[in-house]
Amino acid sequence: MIFDIITIFPEFFGSILEHGLLKRATAAGHAAIRLHDLRDYTDDRHRTVDDRPFGGGPGMVFKPEPIFRAVEALRSEAPEKSLPVILLSPQGRLLTQAVAEELAQAARLILICGRYEGVDERVAEYLATDEISIGDFVLSGGELPAAVLMEATIRLLPGVLGNEESRQQDSFAVPAGTPAAFRHGLLDCPHYTRPAEFRHWKVPEVLLSGDHEQIRQWRRRQALEKTWRRRPDLLAQVPLSEEDRQWLESLAT
Ligand code: 9D3
């Protein structure tokens, strides 16, 4: 999968590409990340990418011309193919695991990182095919969101986490390495490792018992309880067994 990133801070991506999953996936050829400096697509002496907002107000807005020129240059490399163009913006649809799975189907993505107060709306309206936000908090630009989107997407690619080609496509199947948080649509259960007692805090007895059925039930109940307390919105999407329902009912009373 090829990612073309359009940014005024290409060097921002250096360290994340040199570590962990993104490094491994690019070294192994599962993904390629190509950085494009937006200023290379300007045509004035000062390499201007922004201007004052029409209508007044504080701050600066990204001009449309360099962004259109950058995307059109990339498109002309493969003129026959449709090429998704994603604008990272606070007004976008929320990035979720389902959206990452959708994006992972593409062979190539162009990511546009905004900065300043925003990007001229004609980019969202006439150039981008999609607009994505990573959450309801204010950041200073689209670079961190682009990195988040790439990590969430690349780890889903076949081969990247030892995901085999045999990866099942049914809706419950998830790639090996998918955090348990999403495996059943619930938050994860607690995890412990040695020592069994640390500063007088003991690991739950059941986990030391070797009784696998008891352990399974404990983990399921912990996950249900944590989700019910912290993220009740997630529970609505989860298929619940009769046993699950009884446990949740016991919590509510
Ligand atoms: C201070 C300006 N804000 C007025 C309320 C609007 C605003 C403009 C530009 C807020 C943030 C940004 C820069 N952010 C992004 O480009 C961005 C973003 C984000 O801030 N949060 C979550 N996801 C994303 S994706 C791109």
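I began with the shell around the ligand, to which β5 (85–94) and β8 each supply at least two residues, with the largest share, 3 residues, coming from β5. Helices (H or I, at least four residues) and strands (E, at least two) are taken here as DSSP runs, numbered from the N terminus. This is a predicted model, in which local features need pLDDT of at least 70 and side-chain atom pairs count only at pLDDT 80 or more, whereas totals for chains, interfaces and linings use all residues. Residues are numbered from 1 along each chain as its sequence is written, and side-chain values use heavy atoms, with hydrogens and water left out.

**Ligand site.** I found 16 residues surrounding the ligand, the closest being E117, I134, G135, F137 and L139; a residue is counted as near if one of its heavy atoms lies within 4 Å of the molecule. A backbone N or O atom of F137 lies 2.8 Å from a nitrogen atom of the ligand, a polar backbone atom of I134 is 3.0 Å from a ligand nitrogen, and a polar side-chain atom of S133 is 3.4 Å from a nitrogen atom of the ligand. Taken alone the ligand exposes 570 Å², of which the protein buries 74%; these accessible areas come from the Shrake-Rupley method with a 1.4 Å probe.

**Sheet.** Which order do the strands of the open sheet follow? I read the order as β2-β1-β6-β5-β8, 5 strands with parallel pairing, where two strands pair if DSSP finds at least two bridges between them. The edge strands, β2 (32–37) and β8 (130–133), each pair on one side only. The twist averages 35° from one strand to the next, with axes fitted as lines to C-alpha atoms and angles running from 0 to 180 degrees between N-to-C directions. I also noted that β1 (residues 2–7) and β6 (residues 108–113) run parallel and are joined by 5 bridges, and that I5 has L111 as its bridge partner in β6.

**Backbone details.** Most residues other than glycine have a negative phi, and most peptide bonds are trans. My last entry is the cis peptide bond that joins R194 and P195, with omega about 5°; P195 is found in the loop between α7 (180–183) and β9 (197–198).

Note on methods: Polar contact = N/O pair within 3.5 Å; in protein donor to acceptor, adjacent residues only side chain to side chain.
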